[in-house]
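Here are my notes for your first look at this structure. Have the model open while you read.

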Amino acid sequence: MREEAARIPWLRLAGWTLTLVTLMTMSTCSPRVSMIEQVQALGMLRVATINSPTTYYEGPAGPTGFEYELAQGLAQELGVELALVIVATPGEALQAVQTGRAHIAAAGLSITPLRSVAVQFSRPILSVTPQLVYRMGGSKKPDGPAEIGDGLVVARHSAGAEHLALLKQRVPTLKWTETEDAETEELLLKVANGEIAYTVAPSDVVAINQRYYPQLRVAFDVAEKQDVAWALALGADGTLFNRVQHYLSGISESDLAQLRDRYFGHVEQVDYLGAVALAEHVETRLPKYRPLFEKAGRKFGMDWRLLAAIGYQESHWDPAAVSPTGVRGIMQLTAQTAKFLNVANREDPAQSIQGGARYVRRLIDLVPTEVPEPDRTWLALAAYNMGYGHLLDVRDLTRRRGGDPSRWVDIRAALPLLTQPRWYQKTKHGYARGHEAETYVGNVRTYYDMLVYLFGDAPQQTLPVEEVAPPEPEPEDPLNIRTPVL
């Protein structure tokens, strides 16, 4: 992504402008230029962040994330563009504001005593609790710090490491290892796999990863709740800091809570109760929409039961369904995707199902021809969930690791790598919720198998789109929309 941004001429121009502003501030004959004036002269707000489910990542419809959305709102209020400075760790984000590379650090930063000496923090945007995590069925659950044995690993310079250092003042026997080779989410995966015994992670990150690794358990809270905030450089005038405070104070607690829920909502898992619910909805809801799924299946050369399975995963066949992220209808289309598909009313069942089917069909045809069915369809479903760019990334990672990028089983094994810095930093599109895409495809496949069992009629063959529908002119794909990244 850095290479992509480097090709944007106006970003280079902004660099020259920054040099001019810096020279102006050094002159004894000129009045000092305030921070807010520098931002407005640049025409951009530079925000240091990390690829993370709690901060910023590229979703199916482009850049997204809890702190990204907040930062975008601030940039709009200031009347400038948002330019992201992507770094590997929260510590590097702090360093970016200290050195002037960024105006603000928005990287899931807990306010801690050591950090407060180095930067100034905004008002909190959320609160998290640092927790000790262990593996159920693996390491023994410690009831307190004194019972922690060997195998506690945390990221170096992390808030967790700072909390442990404070805890050691009360528990001298406490010991741990700090690593630079893995960040918090990767350490949670290591705990889940039994590679390490314990780690410390913020409660929101723990909750997200417990969806994918249900064997993760919280032993106890390492410290009291910690506020998470944005960081700005010390020693600068207060003009930008005051604007940040004013902006954040204008966002109500309920709006912040809703925004947080948008990005950390529950990922549905198919279990016994889920199977019972599907059977009930087959009787009560599907009869009304089955003809629409069948019509779309015939038009786009797809098994109607697959389209129905996608619709069930997306909305439980509820045409009025609206997610916290603003997607709507049976096929849960975003506003940008609906425009791309010429869907005027996302809540109209016929339009939603036709539009969703067309989009799935398009994704299937985008998957390289060497990928055989049914793997071709499973890869397309992963792209439907997380975006086609991330599918290209995970195919490349699979190839690098010696796997077959044309086999879903190998792709599925590599999807979690999109959450790990050491891997997604090597990709073009960065962080993605690979676990969620893995779960999504698994759920759709399960629902599809259940529908096949319930109806038992012959499947429809998946054909190339040109054999079932003439090509249609399409507007610019919304998935190509990007935020400038420095």
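The points below go from the whole chain to single elements and residues.

1. First, the ground rules. This is a predicted model, in which local features need pLDDT of at least 70, side-chain atom pairs count only at pLDDT 80 or more, and totals for chains, interfaces and linings use all residues. Residues are numbered from 1 along each chain as its sequence is written, and side-chain values use heavy atoms, with hydrogens and water left out.

2. The overall picture: the protein has 21 helices and 13 strands. These are DSSP runs numbered from the N terminus, with helices being H or I of at least four residues and strands E of at least two. Of the 486 residues, 53% are buried. Buried means under 20% relative accessible area, exposed over 50%, and partly exposed in between, using a 1.4 Å probe and protein chains only. Among contacts (heavy atoms within 4.5 Å) between residues at least 6 apart in sequence, 71% join residues at least 24 apart.

3. Now strand 8, residues 130-135. Because 5 of its 6 residues are buried, strand 8 is largely enclosed by the rest of the structure. Strand 8 pairs antiparallel with strand 11 (residues 199-202) over 4 bridges, where pairing takes at least two DSSP bridges between the strands. Strand 8 also runs antiparallel to strand 12 (residues 216-221), joined by 5 bridges. Look at Val133: it stands opposite Thr199 in strand 11 and opposite Val218 in strand 12.

4. How much space lies in the second largest pocket? About 840 Å³. A pocket here is an open set of points on a 1 Å grid over the protein atoms alone, where a 1.4 Å probe fits, with protein on both sides within 12 Å along at least five of seven lines; lining residues have an atom within 4 Å of a point. Grid points are joined across faces, edges and corners, and the volume is the space filled by probe spheres set on them. The lining has 47 residues, with Ile50, Pro90, Ser158, Glu183 and Thr184 nearest the pocket's centre. The lining splits into 20 nonpolar, 17 polar and 10 charged residues.

5. Two loop residues are worth a click. Thr89 sits in the loop between strand 4 (81-86) and helix 5 (90-98), and it counts as buried because its relative accessible area is 19%. Beyond its neighbours within four places in sequence, Thr89 is in contact with Ile50 and Glu183. Ser52 is in the loop between strand 1 (44-49) and strand 2 (57-59) and is buried too, at 9%. With the neighbours within four places again set aside, Ser52 is in contact with Tyr57, Glu185 and Tyr431.

6. Next, helix 4 (residues 66-78), which holds Glu69. Is Glu69 buried or partly exposed? Its relative accessible area is 28%, so it is partly exposed. The buried residues of helix 4 include Phe66, Leu70 and Leu74. Gly79 follows helix 4 with a positive phi, near 75 degrees.

7. Finally, a check on helix lengths. Helix 16 is mostly covered, with 13 of its 18 residues buried.

Technical notes
Nonpolar A, V, L, I, M, F, W, Y, C, P; charged D, E, K, R; others polar.
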